[in-house]
2 protein chains.
Amino acid sequence: MAANPSTEPCRYCTATPAIWLSSSAGVTELAHSRVFLVRDQTHPGRCVVLLKRHARELFELAPDELAAFMAEVARVAQVVHRVSGCDKLNYAVYGDLSPHLHVHIVPKWLGGVAWGEPFVLKPAEGVFLAPEAFDQMLLNLKRGIEVN
Amino acid sequence: MAANPSTEPCRYCTATPAIWLSSSAGVTELAHSRVFLVRDQTHPGRCVVLLKRHARELFELAPDELAAFMAEVARVAQVVHRVSGCDKLNYAVYGDLSPHLHVHIVPKWLGGVAWGEPFVLKPAEGVFLAPEAFDQMLLNLKRGIEVN
């Protein structure tokens with residue numbers, strides 16, 4: 001299948017991870033993906049798992065590649081679930097405007113922000129932790145994912 | 001891992017597919033999943049892929065099971081993409097209130113409904129096709145998935 005139907009280079013290929021690092025911090029790198037912790041912590045522990053190579057849709061991945069990528073998504077999700085102590089995770093691939101395959105992994109709490117609704121993708125204001133708290137979250141996720 | 005951390009039976013296990021058929025129509029059944037076409041066609045071609053057995057989170061699935069389930073999700077997505085003629089798909093696992101693993105597969109069009117935003121999960125009014133048009137969509141999806 002075509003890797004990129006557009007004739008223009010994908011800015012998420014040419015500028016990764018610079019684009020992501022404007023709104024996220026790098027957690028770790030796995031075989032098929034890079035993991036980021038989103039700076040806005042409206043949903044504490046919210047991460048993104050970005051496929052390293054360019055693809056727009058899940059079905060563009062070969063079966064083995066899809067299985068390996070989703071295993072990485074699940075591995076990250078399990079750590080986010082444990083570290084955040086959330087009640088449920090939301091997972092989403094949107095990418096209308098940034099069509100380089102990436103999965104949002106978003107902790108939700110019963111009675112908390114957007115419970116029972118889609119997670120808040122782009123909050124008007126955002127919630128930002130103190131640097132020490134953010135760095136601790138980053139470290140906990142990194143340790144959990146790398147030893148998982 | 002625990003199949004269901006709740007002590008109550010999951011209503012999506014005990015009443016499937018009755019619950020889904022109140023808002024969707026059955027398209028087909030695959031090895032690990034059931035596929036439904038959502039009756040609200042705010043996003044024409046929108047489907048749900050429901051895991052047959054009970055699980056809440058992706059990481060509760062064994063590696064082979066996750067790979068096989070996601071292969072079915074990708075297979076359905078490819079057909080939804082082709083049949084709908086959309087520009088991009090959105091994929092989401094939410095389930096805060098219905099925590100039995102299911103994936104929303106939602107066609108989006110450049111400049112169309114909710115382009116650049118999360119798809120409309122529960123529209124206030126909804127868009128409902130004439131029965132013939134809905135049945136034709138259902139048939140096109142069914143044929144595409146079953147021969148894929």
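In chain A of this predicted model, α3(A) and α4(A) cross in a right-handed fashion. Their axes come within 9 Å, and the crossing angle is roughly 135°. Since angles over 145° would be needed for roughly antiparallel and 65 to 115° for roughly perpendicular, α3(A) therefore ends up oblique to α4(A). On the α3(A) side, the contact is built from Arg75(A), Val76(A), Val79(A), Val80(A), Arg82(A) and Val83(A), and these meet Asn140(A), Leu141(A), Gly144(A) and Ile145(A) of α4(A). Sorted by type, the residues of this contact come out as 6 nonpolar, 2 polar and 2 charged.

Chain B has its own version of this helix pair. Helix α3 (residues 63-84) of chain B packs against helix α4 (residues 131-147) of chain B at about 135°, with the axes 9 Å apart, and that makes α3(B) oblique to α4(B). The crossing of α3(B) past α4(B) is right-handed. Here Arg75(B), Val76(B), Val79(B), Val80(B), Arg82(B) and Val83(B) come from α3(B), while α4(B) puts in Asn140(B), Leu141(B), Gly144(B) and Ile145(B). The tally for the contact of α3(B) with α4(B) is 6 nonpolar, 2 polar and 2 charged.

Next comes the sheet. It is open, has 10 strands with antiparallel pairing, and reads β1(A)-β2(A)-β3(A)-β5(A)-β4(A)-β4(B)-β5(B)-β3(B)-β2(B)-β1(B). At the edges sit β1 (24-29) of chain A and β1 (24-29) of chain B; each has a single partner strand, so one side of each has no neighbour in the sheet. From one strand to the next, the twist averages 20°.

The two chains join up in this sheet through β4. Strand β4 (residues 88-93) of chain A runs antiparallel to β4(B), and 3 bridges hold the pairing. Within it, Val93(A) stands opposite Tyr91(B). Ala25(B) has Leu37(B) in β2(B) as its bridge partner.

Helix α4 of chain B also packs on the sheet: α4(B) touches β1, β2 and β3 (47-51) of chain B, and its direction makes about 20° with that of β1(B). Over in chain A, helix α4 (residues 131-147) lies across β1, β2 (33-38) and β3 (47-51) of that chain, running at about 20° to β1(A). In each chain, then, α4 meets both strands of the sheet and helix α3.

As for the pairing of the chains as a whole, 29 residues of chain B are in contact with 29 residues of chain A. Both α3 and β4 (88-93) of chain B supply at least two residues each to the side of chain B that touches chain A. The most comes from α3(B), with 10 residues. By type, this side of chain B divides into 20 nonpolar, 5 polar and 4 charged residues.

Note on methods
Residues are numbered from 1 along each chain as its sequence is written. Chains are lettered from A and ligands numbered from 1 in the order in which they are written. This is a predicted model: local features need pLDDT of at least 70, side-chain atom pairs count only at pLDDT 80 or more; totals for chains, interfaces and linings use all residues. Axes are lines fitted to C-alpha atoms, for helices over the stretch in contact, and angles run from 0 to 180 degrees between N-to-C directions. Helices (H or I, at least four residues) and strands (E, at least two) are DSSP runs, numbered from the N terminus. Angles under 35 degrees count as roughly parallel, over 145 as roughly antiparallel, 65 to 115 as roughly perpendicular and the rest as oblique. A crossing is left-handed if the near helix is turned anticlockwise from the far one by less than a right angle, and right-handed if clockwise. Two residues are in contact if their C-beta atoms, placed from the backbone, lie within 7 Å. Ala, Val, Leu, Ile, Met, Phe, Trp, Tyr, Cys and Pro count as nonpolar, Asp, Glu, Lys and Arg as charged, and the others, Gly among them, as polar. Two strands pair if DSSP finds at least two bridges between them.
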